[in-house]
Amino acid sequence: MTRYMKLFINIKELAGIQREPVLKTGKQMDELNSINDAFLFVEEGKISKYGPMSAMPEDLRNMAGSSVLQAGEVVDATGKMIIPAFCDSHTHLVYAGSREQEFTDKIKGLSYQEIARRGGGILNSAKLLSQTSEESLYRSARGRAMEIMRQGTGAVEIKSGYGLNPQDELKMLRVIARLKETTPLTIKSTFLGAHAFPARYADDHNGYVEEIINEMIPMVAAEGLADYIDAFCEEGFFSVEDTDRIFNAGIKYGLRPKVHANQMGFSGGVQVGIKYGARSVDHLESTGPDEISALKESDTIATILPGATFFLNMQYAPARKLIDEGIPVAMASNYNPGSCPSGSLQFQMALACIAMKLTPAEALNACTINGAFAMDVDDTLGGITPGKQANIILTKEIPSIDFIPYAFTTPFIEKLYIAGKEIL
Ligand code: NIG
């Protein structure tokens with residue numbers, strides 16, 4: 001039997017300790033709760049004990065020097081740190097083909113919306129996906145899953161939304177289901193049929209909304225393929241009314257909303273998401289007093305995706321203000337071919353610090369414990385808490401946690417452990 005037992009000793013800094021598995025708000029977001037010169041004991045894949053080396057219990061001390069722990073089960077982390085693995089709560093990492101042609105078009109002056117109006121963007125990805133077999137889609141997505149693990153991610157939410165018809169939406173969701181079975185990642189799946197209007201419904205938006213409600217949602221639910229339902233609530237995409245109808249239908253099938261809200265403008269996406277008890281409202285580049293008041297009165301977490309803001313060269317979401325107003329903020333990569341072809345949360349942390357004025361601690365909490373909340377895994381992941389699954393990053397020898405977003409292209413990960421097992 002695999003024991004997944006590990007004793008880490010001499011850890012320079014053990015950060016992200018949480019006695020209570022709660023999400024972070026306000027000033028707590030700037031607290032990392034660390035122990036310097038620490039030990040961490042993992043049993044049966046779960047965090048069991050931790051503390052300062054000077055207080056390491058006698059039984060562990062004896063274990064470290066005996067044959068009770070086998071080779072590789074004692075890790076000397078001298079000079080290295082341990083932090084929780086990332087929980088990336090918003091991605092579209094199942095897709096067929098890249099879109100660097102549009103990258104060039106954007107450099108030459110076209111906006112994201114103009115590219116979409118010309119049939120590019122999400123419709124471009126939908127066309128490629130319809131020509132790609134499920135097996136090939138799975139293989140490319142698996143490659144991206146491996147890539148994000150190498151970048152420190154242990155849990156990820158993945159959306160459909162490049163199918164835009166029943167058959168191809170199901171194809172995407174089945175690929176996500178297969179990734180759940182074949183990778184060590186904790187994966188949450190989101191049905192995003194309402195990502196764009198397919199060409200066949202260009203003049204009949206209501207027809208597509210009806211197809212989502214009457215055909216796709218029941219099929220997705222019948223196969224148990226999604227945890228959440230999402231919609232791109234934005235001018236030129238899905239209106240508040242469309243989103244309202246889709247969420248209303250989704251929750252009847254047990255799908256909790258998440259929403260792409262206020263990316264391009266004041267779309268009303270935040271409010272409609274909150275109306276339906278969304279777990280998270282994501283993007284928020286256009287956020288004003290109304291959105292802030294609505295968020296304050298809700299249990300919905302605000303999720304920022306600065307990589308997309310950077311890539312599309314837009315104005316960043318007011319994350320500093322959200323945190324100062326006491327609103328919990330999560331951060332995700334939004335890994336996708338159109339607005340952020342990167343799953344690196346180290347890079348997102350750097351953007352959050354540099355462009356949004358978050359501290360490194362706030363940025364790390366946003367993509368660990370708060371990211372876990374944004375995908376409903378905060379009871380088992382996202383922090384160094386006794387009983388939680390041991391999803392942890394052992395860093396290389398780095399001077400401090402702040403070094404991670406500061407030296408934003410320097411690899412900082414020595415090893416990723418998922419449920420105490422060394423993954424990469
Ligand atoms: O979150 N905004 C909508 N969806 C993605 C982009 C998808 C794409 O362009 O392929 C996002 O930015």
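Trainee: Where is T25 found?
Mentor: This is a predicted model, in which local features need pLDDT of at least 70, side-chain atom pairs count only at pLDDT 80 or more, and totals for chains, interfaces and linings use all residues. Residues are numbered from 1 along each chain as its sequence is written, and side-chain values use heavy atoms, leaving out hydrogens and water. Strands (E, at least two residues) and helices (H or I, at least four) are DSSP runs numbered from the N terminus. T25 is found in the loop between β1 (6–14) and β2 (35–43).

Trainee: Is T25 buried, partly exposed or exposed?
Mentor: Buried means under 20% relative accessible area, exposed over 50%, and partly exposed in between (1.4 Å probe, protein chains only). T25 has a relative accessible area of 28%, so T25 is partly exposed.

Trainee: How far apart in space are T25 and I327?
Mentor: In sequence, T25 and I327 are 302 residues apart. From C-alpha to C-alpha, their separation in space is 6.0 Å.

Trainee: How many residues of strand β7 are buried?
Mentor: Strand β7 covers residues 153–159. The strand is mostly covered, and its buried residues number 7 of 7.

Trainee: Which residue in β8 stands opposite I158?
Mentor: Two strands pair if DSSP finds at least two bridges between them. Strands β7 and β8 (residues 186–194) run parallel, joined by 5 bridges. Opposite I158 in this pairing stands S189.

Trainee: Which residue in β7 stands opposite D88?
Mentor: Strand β6 (residues 86–88) runs parallel to β7, with 3 bridges joining them. Opposite D88 stands V156.
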